[in-house]
Amino acid sequence: MSVRIDRDRCIGCRKCVEVCPGNLLICKNSKAEIRDVRDCWGCTACVKICPRDAIHFYLAADLGGSGGKLFARDSQDTLTWILKLPNGIEKQIVVDKNQSNQY
Ligand code: SF4
Ligand code: SF4
């Protein structure tokens, strides 16, 4: 798995920079970048906090197909994971944040 940042969607809010526990993300010219994707251990904190769906996880073949991407939309009560596969299929998993300890 690796994190990729869509520069066109990024608004430079720095939320991902502040949340990354490994200090792997930086903001250059108001756009987020990852220093080295090989250092990312996939905690997904940046994916969940990005308000612009600009950070995607690209999934390995055994998880979602080569090129499948996963991103998250946060709201007050739910976190919705959206999986887009290369063949156009889209799947969603909605997590009730008030019950998230059960997952
Ligand atoms: S959280 Fe999203 S929009 Fe904000 S700087 Fe990071 S990638 Fe850009
Ligand atoms: S997934 Fe976690 S470790 Fe990787 S860049 Fe995002 S916040 Fe940092």
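For the class counts below, Ala, Val, Leu, Ile, Met, Phe, Trp, Tyr, Cys and Pro count as nonpolar, Asp, Glu, Lys and Arg as charged, and the others, Gly among them, as polar. The model is predicted.

Start with the cavities. The structure holds 2 of them at 30 Å³ or more.

Around ligand 2 are Val3, Cys20, Pro21, Leu24, Ile34 and Cys40, together with Gly42, Cys43, Thr44, Ala45, Cys46 and Phe57. The shell of ligand 2 counts 10 nonpolar and 2 polar residues, and no charged residue is part of it.

Now turn to the second largest cavity. About 90 Å³ of space lies there. It is lined by 15 residues, of which Cys10, Cys13, Cys16, Ala32 and Cys50 come closest to the centre. This lining has 11 nonpolar, 1 polar and 3 charged residues.

Ligand 1 takes up the space of the second largest cavity. Its surroundings are Cys10, Ile11, Gly12, Cys13, Arg14 and Cys16, plus Ala32, Cys50, Pro51, Ala54 and Ile55. How does the shell around ligand 1 divide by class? It has 9 nonpolar residues, 1 polar and 1 charged.

Technical notes
Residues are numbered from 1 along each chain as its sequence is written. Chains are lettered from A and ligands numbered from 1 in the order in which they are written. This is a predicted model: local features need pLDDT of at least 70, side-chain atom pairs count only at pLDDT 80 or more; totals for chains, interfaces and linings use all residues. Side-chain values use heavy atoms; hydrogens and water are left out. A residue is near a molecule or strand if one of its heavy atoms lies within 4 Å of it. On a 1 Å grid over the protein atoms alone, a cavity is a set of points where a 1.4 Å probe fits but cannot get out, and a pocket is an open set with protein on both sides within 12 Å along at least five of seven lines; lining residues have an atom within 4 Å of a point. A molecule sits in a cavity or pocket if more than half of its atoms lie within 2 Å of its grid points. Grid points are joined across faces, edges and corners, and a volume is the space filled by probe spheres set on the points.
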